[in-house]
Amino acid sequence: MKKILSLLWASFGFVALSCAQSKPYKVDEKSVSATLQFLTSDEMKGRAPGTPEMDLAAVYLEDVLQKNGIKPYFATYRDTLSNYAKTAYNIVGVLEGTDPKLKNEFVVIGAHYDHIGVAIVAVNGDDIFNGADDNATGTTTVAELANYYGKHKTNKRSILFCFFSAEEAGLLGSYHLSEKLRGQGFNIYTMLNFEMTGVPLGGENLAFITGYAKSNMADKFNEYAGKKIIGSNEFEMKYQLFKFSDNYPFFLEFNVPSHTLSTTEMSTFPFYHKLDDEFEAMDTKHMTSFIQQMIPVVEKMVNAKTQEITLKK
């Protein structure tokens with residue numbers, strides 16, 4: 001009888017463990033808030049490249065990658081920019097894919113972590129451009145994707161996690177890295193960038209994609225999500241935002257689908273490059289929900305048997 005009971009308890013324990021392991025992954029809003037608060041704090045003084053504060057941000061992001069078992073792609077996580085007057089770094093990590101063949105293809109997931117620093121003239125005692133939406137939110141999104149893949153390691157393709165510097169100086173970090181990678185024969189499938197994801201877009205779409213008509217990425221993402229979550233944006237098309245974020249250098253160097261996702265309606269958002277772009281203006285519940293919905297979409301992109309996302313002719 002004791003043996004039977006022992007077997008029953010063992011069986012029950014196995015079922016309980018299996019249920020716990022199969023529990024759906026949940027993005028932690030506290031984790032989202034913690035990263036966002038750190039990057040946007042006044043102590044960071046606007047995260048201008050080449051400053052001690054930017055170095056603190058680099059250390060923070062290196063720690064995110066390291067604790068998730070995401071290795072440096074180069075000798076260290078720091079990829080020193082060759083095209084910036086001061087010493088500035090991209091932070092670059094790689095998580096090798098699990099499929100023997102697909103792991104030789106890379107998906108680049110990125111966001112820029114720099115901002116514009118300190119104002120010459122203070123307004124109401126505030127002179128720090130905290131850069132919450134632009135782009136501590138995109139940086140936080142990529143950090144949370146690193147948290148997910150670091151825990152689950154379900155990526156068949158290899159993922160290059162990139163935190164770009166000197167974007168505000170003219171996409172210098174992504175220009176430097178994309179050129180460097182192409183020179184090394186880097187085998188890229190696609191590039192996905194996140195920029196300004198801190199407030200809800202409004203309307204029918206969760207986010208808009210830059211360069212909507214250049215590839216089928218939006219269509220595939222909607223297919224992967226099982227509903228329409230990604231669309232175009234009138235402001236983006238009018239001002240050709242496709243060319244003004246870190247996706248663009250990868251498009252130029254590799255001629256592969258390279259896009260930015262954003263949830264901020266630029267025509268109505270009042271804080272772009274303003275002193276009021278601070279943590280308190282961000283919606284962390286929205287951010288958490290956005291990241292949660294993006295995880296299965298990114299998962300299907302990374303694990304697709306063939307290169308389903310293609311440029312449009």
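A: A salt bridge is a side-chain nitrogen of Lys or Arg within 4 Å of a carboxyl oxygen of Asp or Glu. Side chains of opposite charge can pair when their charged atoms come close. The structure, a predicted model, holds twelve salt bridges.

One of them joins glutamate 29 to lysine 285, with the closest N and O atoms 3.5 Å apart. Because glutamate 29 belongs to helix 2 (residues 29-40) and lysine 285 to helix 9 (residues 284-303), this pair ties together parts that are 256 residues apart in sequence. Helices here are DSSP runs of H or I with at least four residues, numbered from the N terminus. Glutamate 29 is partly exposed at 25% relative accessibility, while lysine 285 is exposed at 59%. Buried means under 20% relative accessible area, exposed over 50%, and partly exposed in between, with a 1.4 Å probe and protein chains only.

Lysine 312 pairs with aspartate 219 at 3.8 Å between the closest N and O atoms. Lysine 312 lies in the segment after helix 9 and aspartate 219 in helix 6 (residues 217-225), so the two link parts 93 residues apart in sequence. Both partners are partly exposed: lysine 312 has a relative accessible area of 41%, and aspartate 219 has 37%. Elsewhere, salt bridges with shared partners connect Asp55, Glu62 and Arg78 into one network.

Residues are numbered from 1 along each chain as its sequence is written, and side-chain values use heavy atoms, leaving out hydrogens and water. Local features need pLDDT of at least 70, side-chain atom pairs count only at pLDDT 80 or more, and totals for chains, interfaces and linings use all residues.
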